[in-house]
Amino acid sequence: MTSERLSVVVTRRLPEAIEARMRELFAVEFNPGDKPMSREALADAMRRADVLVPTLTDRIDQGLLSQAGDRLKLIANYGAGVDHIDVATARARGILVANTPGVLAEDTADMAMALILAVTRRIPEGLAVMQAGDWEGWSPMALLGGRIRGRTLGILGMGRVGQALARRARCFGMEVQYHNRRRLHRQIEAEHEARYWESLDQMVAHVDILSINCPHTPSTFHLMNARRLKLMRPDAVIVNTSRGEVIDENALTRMLRAGEIAGAGLDVFEQGARANPRLRTLPNVVLLPHMGSATREARREMGEKVLINIQTFADGHRPPDLVVPGMA
Ligand code: DGY
């Protein structure tokens, strides 16, 4: 296949340099308004294009894939997570799926660390005092948080982001523990000075801070359900920079309100942009609008990965970041 006339539809605005390069390489349609495309518009794009470049705001399910035209051969996702794409159905229809792993991990781990600090050191509460002009000066007992050094951090999902977080946590003097589908190689475990828990229940009951870093798959949906959340200590904090669906958000909200969990730092929510409104009213909760990977550098590198995936495919090879069903 030649890249000359490969027709590519991109569903959201991307960095200018990436869009410019795509324009040079492909017959590309962009979405200058940057509004998530309707289902009808997506279906139409999938009937016409050779390559679709969606993001996590596009749900590419079985229904949409069944309407895809014969031309559609590659879904080159702009993003690492692919839980919005029915990868198995795509592959069954001969459509490859690629993603952009590796270039978001450090930034996402920074954000997880930022949330850990924000919740345990009550940074938003301090900011609110300052912004309201209410600060009357230093006081020994004002806005006391908890010391980070010596705390036990449980990392649920020890992939790229989990390991990047472990490195940061060690620098802050935290004790790192983790649970993962597969235990890490002993040498990597030793590098992180991380203790493996085969039982998630046992780890959850043990840690001061729990960070969610596993992808959302059918087997991780509500992994932190009401029963597991109840195993957490009442003085523990939970942080999520992965996907909202891993936590039962309503159960978490109830427990935060009841003081059964001390705090939460959430960058992602079960219903996408619709966070449980009750979370907004809680002083022990820090909410962010899914900005874990939102750096100019990550967005550019994600775009470069998309370009490489499409161009490699156009040159007749397997895209380097091919996603295989059940891999995520
Ligand atoms: C991804 O790429 O899946 C990330 O969640 C975006 O921040």
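**A guided tour around strand E7**

Select strand E6 (residues 152–156) together with strand E7: the two pair in the parallel sense over 5 bridges. Two strands count as paired if DSSP finds at least two bridges between them. Helices (H or I, at least four residues) and strands (E, at least two) are DSSP runs, numbered from the N terminus. The model is a predicted one, in which local features need pLDDT of at least 70, side-chain atom pairs count only at pLDDT 80 or more, and totals for chains, interfaces and linings use all residues. Residues are numbered from 1 along each chain as its sequence is written, and side-chain values use heavy atoms, with hydrogens and water left out.

Next, pick Thr-152, whose bridge partner in E7 is Glu-175. Right-handed here means that, with the strands pointing away from the viewer, the path from the first strand over the helix to the second runs clockwise.

**From E7 to E8**

Proceed to strand E8 (residues 194–196), which runs parallel to E7 and is joined to it by 3 bridges. Val-176 has Ala-194 as its bridge partner in E8. With helix H8 (residues 186–192) displayed, E7, H8 and E8 can be viewed as a right-handed β-α-β unit.

**The two domains**

Colour domain 1 (7–101 + 295–314) and domain 2 (105–287) separately; these bounds come from an automatic or database domain assignment. Their C-alpha centres lie 31 Å apart. The contact between them takes 6 residues from domain 1 and 5 residues from domain 2, where contact means heavy atoms within 4.5 Å.

**The whole chain**

Finally, display the entire chain, whose secondary structure comes to 12 helices and 12 strands. Its radius of gyration is 21 Å, close to the 20 Å that the globule rule gives for 328 residues, so the chain is as compact as a globular protein of that length. The radius is taken over C-alpha atoms, and the rule is 2.2 Å times the number of residues to the power 0.38. Along the principal axes, the C-alpha atoms fill a box of roughly 70 × 50 × 35 Å. Of the 328 residues, 52% count as buried.

Conventions: Buried < 20%, exposed > 50% of the residue type's maximum accessible area, 1.4 Å probe, protein only.
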